[in-house]
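Please open the model in your viewer and keep the sequence panel beside it. This tour tells you what to select at each stop and what you will find there.

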Amino acid sequence: MNLEPKILDSISTGVLVLDSDLRVCSLNAAGQAILDTSEARCLGEDAKNLLLHPEQWLGILTQVLESDSPHASRSVALMLLSGQEIHVDVIVTPHHRSDGETGLLVELLAVDRLLRISRDGNLQHAQETSRAIIRGLAHEIKNPLGGVRGAAQLLARELPDEHLAEYTGIIIREADRLRDLVDRLLGPNRQLELKPLNIHEVLEHVRNLISAESENRVTIIRDYDPSLPEFPCDRAQLIQAVLNITRNALQAAPSLADCKITLRTRSQRQFTVGTKLHRLVCRVDIIDNGPGIPEELQHSVFAPMVTGRAEGTGLGLSIAQSSVQLHGGAIECESSPGETRFTIFLPMEQTHA
Ligand SMILES: Nc1ncnc2c1ncn2[C@@H]1O[C@H](COP(=O)(O)OP(=O)(O)OP(=O)(O)O)[C@@H](O)[C@H]1O
Ligand SMILES: [Mg+2]
């Protein structure tokens, strides 16, 4: 590999290069962290000596070497030499070296439970079921609600005494409030309007809205990858999704002056959503330095009506997730006090269709 080692050391994916005898040629910094070893300790070492029970791992490596075709496995359990079990996504690609030998390029991506939460196929299925229930219930609420509102309007016109209009006004306002809530519960209900779009246009729009909402008091850091190509997406829905996530960061901040939000874009190769492996996805990170998602909510923040705020409806993230899923993408979240990161992954393959 002719890549500058420093570049490989600055990425978060573990990169392990093996020769044709499955001996370690190099291991970047992320790889050393994931496998809990150092390059000095494992250079020249047989790949099977990196782990305690290497059977599955060796099986994958030899299969790629023999078939000479790449392989991706989700959430492989590996037992480190320390006895600790880790879960990683493993992508192994044959690497034809200049000396004529075929080695292997192994990419390792650590996945913890929370990170995988919205990518998990089963979870997506459960969410679809709960959305179907909500849709049915919403329909049952909206129909009679329309009747109640209409009747209150008629009644308002017939009232003998004007001060009674205060009561019909309350009925109408509350019916409207309930209708809006049900509409939000239903989430994005129209078909996607896909148009080629630069993702930064979406982010800049949200940045302007958030700056205005906070009267320019929050610091918004832009870390964009300008080489990202345009790809088909629904502008309005993506703005809503990013806005919901960013607004949460704003609302969680104890003081706007200390609130720092980073909007970051990158392209990422080989990313799995459900059971589909995407060749290229656009990755948008929205990171804040706030207090973090309360521990008890961490596993359910994407579910509708889950809120940690007294005045929250708990729908912002659920709506964001629906929109992103309609785009064939996924949202993941990682949170601890001082750093909360929401990551949106959007497949970009359509560009090449
Ligand atoms: N960046 C964040 N930092 C801290 N907590 C967060 C963050 N994002 C979300 N949360 C927590 O997750 C909960 C759910 O968020 P969600 O956007 O779905 O609903 P909400 O903000 O409560 O209500 P709504 O968005 O419908 O007005 C929030 O109430 C908050 O407790
Ligand atoms: Mg919200």
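**First stop: a mixed sheet**

Select the five strands of the open sheet whose order is β7-β9-β10-β12-β11, and you will see that their pairing is mixed; strands here are DSSP runs of E with at least two residues, helices are runs of H or I with at least four, and both are numbered from the N terminus, while two strands count as paired if DSSP finds at least two bridges between them. At the edges stand β7 (219-223) and β11 (330-336), and because each has a single partner strand, one side of each is left without a neighbour in the sheet. From one strand to the next the twist averages 25°, where axes are lines fitted to C-alpha atoms, for helices over the stretch in contact, and angles between N-to-C directions run from 0 to 180 degrees.

Before moving on, note that this is a predicted model, in which local features need pLDDT of at least 70 and side-chain atom pairs count only at pLDDT 80 or more, whereas totals for chains, interfaces and linings use all residues. Residues are numbered from 1 along each chain as its sequence is written, and chains are lettered from A and ligands numbered from 1 in the order in which they are written.

Now select β7 together with β9 (residues 260-273), which run parallel and are joined by 5 bridges; if you pick D223, its bridge partner in β9 is R264.

Which strands does α9 lie across? Helix α9 lies across β9, β10 (276-288) and β12 (339-347), and runs at about 30° to β10.

Next, select the open sheet of 5 strands with the order β2-β1-β5-β4-β3, where the pairing is antiparallel. Its edge strands are β2 (24-27) and β3, each of which pairs on one side only. Strand β1 (residues 14-18) is joined to β2 by 3 bridges, and V17 stands opposite S26 in β2. Strands β3 (residues 71-79) and β4 (residues 85-96) run antiparallel with 7 bridges between them, and here A72 stands opposite I91 in β4. The hairpin formed by β3 and β4 has 5 residues between the strands, and G83 in the turn has a positive phi of about 95°.

**Last stop: confidence**

Finally, colour the model by pLDDT, the predictor's confidence in each residue from 0 to 100. The protein averages a pLDDT of 88, and 93% of the residues score at least 70. Among the elements of the protein, β7 has the highest mean pLDDT (98) and helix α5 (residues 113-116) the lowest (44). Where pLDDT is low, the predicted coordinates should not be read in detail.

Notes: Two residues are in contact if their C-beta atoms, placed from the backbone, lie within 7 Å.
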